[in-house]
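I opened this entry to record what I looked up in the model.

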Amino acid sequence: TATITLFAAPLLTFLLYRVTIRATFMDILAQAVAAGALSHVIGLASIRTAITGNAKWERTNKFKTVQSYRHALLSTKEEIVIGLLLLTFAIVSYLIFPYQGLAMMLMIGIVYFSMSYFAAPLMAVIGVWSFKRESKL
């Protein structure tokens with residue numbers, strides 16, 4: 001059932017957006033990447049608010065004059081490290097325990113979960129790229 005859910009959830013999301021708002025495949029793919037990029041931030045904010053009781057809002061500067069790919073990647077270093085740790089854990093686990101069945105499904109799930117952490121650096125790089133492209137026009 002886990003494998004069915006792994007493949008059915010994105011398919012149902014695709015059909016929902018495709019039928020209800022007639023979104024293109026690229027729009028749906030971009031939505032999935034953006035949702036993955038925000039999942040860590042939303043989860044961390046939820047835990048912090050539940051523990052402290054304070055929902056502090058930190059506004060980011062949307063009008064920076066200097067945009068660099070290095071700064072974009074450094075701003076998402078937490079997500080990069082977590083994604084690399086999860087991916088490394090899954091690869092090392094497979095090399096140590098090359099068993100089929102439940103262990104393999106767990107490793108596939110960890111790899112799938114680690115990919116959502118790599119969405120944040122991707123979105124940051126796309127943001128810098130689009131800013132630089134717009135400033136040239």
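I began with the second largest pocket, which holds about 540 Å³ of space. Of its 20 lining residues, Pro10, Leu29, Ala32, Val33 and Tyr112 are the closest to the centre. A pocket here is an open set of points on a 1 Å grid over the protein atoms alone, where a 1.4 Å probe fits, with protein on both sides within 12 Å along at least five of seven lines; lining residues have an atom within 4 Å of a point. Points are joined across faces, edges and corners, and the volume is the space filled by probe spheres set on them.

I noted the source conditions. The model is predicted, so I kept in mind that local features need pLDDT of at least 70 and side-chain atom pairs pLDDT 80 or more, while totals for chains, interfaces and linings use all residues. Residues are numbered from 1 along each chain as its sequence is written, and side-chain values use heavy atoms, without hydrogens and water.

Which helices supply at least two residues each of this lining? I found H1 (2-20), H2 (25-52), H5 (102-117) and H6 (119-136), helices being DSSP runs of H or I with at least four residues, numbered from the N terminus. H2 gives the most, with eight residues.

Next I looked up a nonpolar surface patch of about 740 Å², made by Ile91, Val92, Tyr94, Leu95, Ile96, Phe97 and Tyr99. Its members have over 30% relative accessible area and no salt bridge, and nonpolar side chains are joined within 5 Å; a salt bridge is a side-chain nitrogen of Lys or Arg within 4 Å of a carboxyl oxygen of Asp or Glu. Areas come from the Shrake-Rupley method with a 1.4 Å probe. Tyr99 sits in the loop between H4 (77-96) and H5, and is exposed at 53% relative accessibility (exposed is over 50%, buried under 20%, partly exposed in between).

I then checked Arg22, in the loop between H1 and H2. Arg22 is exposed at 68% and has a positive phi of about 55 degrees, although not a glycine. Most residues other than glycine have a negative phi.

Is Gly36 buried or exposed? Gly36, in H2, is buried at 14%. Its C-alpha lies 7.3 Å from that of Ala120, 84 residues apart in sequence. Thr52, also in H2, is exposed at 53%; its C-alpha is separated from that of Gly36 by 25 Å, 16 residues apart along the chain.

Notes: Patches are made of residues with over 30% relative accessible area and no salt bridge: like charges are joined within 9 Å, nonpolar side chains (Val, Leu, Ile, Met, Phe, Trp, Tyr) within 5 Å. Buried means under 20% relative accessible area, exposed over 50%, partly exposed in between (1.4 Å probe, protein chains only).
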